[in-house]
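Keep the structure open alongside.

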Amino acid sequence: MEEFADIKEDENKKILHTYPLVRVCDMSEEMKTETIEVIITACDKFGTDYYVLQFTPNYFPQSSAKAIKQMLDKKYGSPWNAVVGEAFGIQMTHQSSTLMYMFFGGNLGICVWKI
């Protein structure tokens, strides 16, 4: 009986990733590495600055997305877009070799692309 209790406890634990987990990326390796560094820097700097949207239970890190967009605009030319959040779906049109969708710090999803 004790063996089954241990198995149930293990099933209920969430896996938190402390490293950037890239799910989709069509960038070159150099651009991918630099974009990951930009995202990590912005999320670490503005990670606790959340903006609560009215009538919505979710919290959206507005400053992180703004900082990511501004840094990518400066580095690779505009117009870049950035979405940072915990529960979102997205469908967009983008230039080839400019899309990255990744997770950082557990369940924080980041999607960046260039129009």
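## The sheet

Start at Leu-21, whose bridge partner in E5 is Phe-103. Strands are DSSP runs of E with at least two residues, helices are H or I runs of at least four, and both are numbered from the N terminus; two strands pair if DSSP finds at least two bridges between them. This is a predicted model, where local features need pLDDT of at least 70 and side-chain atom pairs count only at pLDDT 80 or more, while totals for chains, interfaces and linings use all residues. Residues are numbered from 1 along each chain as its sequence is written, and side-chain values use heavy atoms, leaving out hydrogens and water.

The open sheet has four strands in the order E1-E5-E6-E4, with antiparallel pairing. E1 (21–25) and E4 sit at the edges with a single partner strand each, so one side of each has no neighbour in the sheet. From one strand to the next, the twist averages 15°.

## Strand E6

E5 (residues 100–104) pairs with E6 over five bridges, and Met-102 has Ile-110 as its partner there. Three residues separate the two strands in their hairpin, where Gly-105 takes a positive phi near 65°. E4 (residues 80–85) is joined to E6 by six bridges, with Trp-80 partnered by Lys-114.

Seven of the seven residues of E6 (residues 108–114) are buried, so this strand is largely enclosed by the rest of the structure. Buried means under 20% relative accessible area with a 1.4 Å probe, protein chains only. Both faces are covered: Leu-108, Ile-110, Val-112 and Lys-114 lie on one side, and Gly-109, Cys-111 and Trp-113 on the other.

H3 lies across E4 and E6, at about 155° to E4; angles run from 0 to 180 degrees between N-to-C directions, and axes are lines fitted to C-alpha atoms, for helices over the stretch in contact.

H2 (residues 29–46) and H3 (residues 62–76) pack at about 145°, axes 9 Å apart. Residues making this contact include Val-38 and Ile-39 of H2 and Ile-68 and Met-71 of H3.

## The core

What touches the most other members of the 20-residue largest nonpolar core? Ile-39, Ile-68, Met-100, Met-102, Ile-110 and Val-112 do. Such a core is a set of buried Ala, Val, Leu, Ile, Met, Phe, Trp, Tyr and Cys residues joined through side-chain atoms within 4.5 Å. H2 gives the most, with six residues.

Methods:
Contact = heavy atoms within 4.5 Å. Buried < 20%, exposed > 50% of the residue type's maximum accessible area, 1.4 Å probe, protein only.
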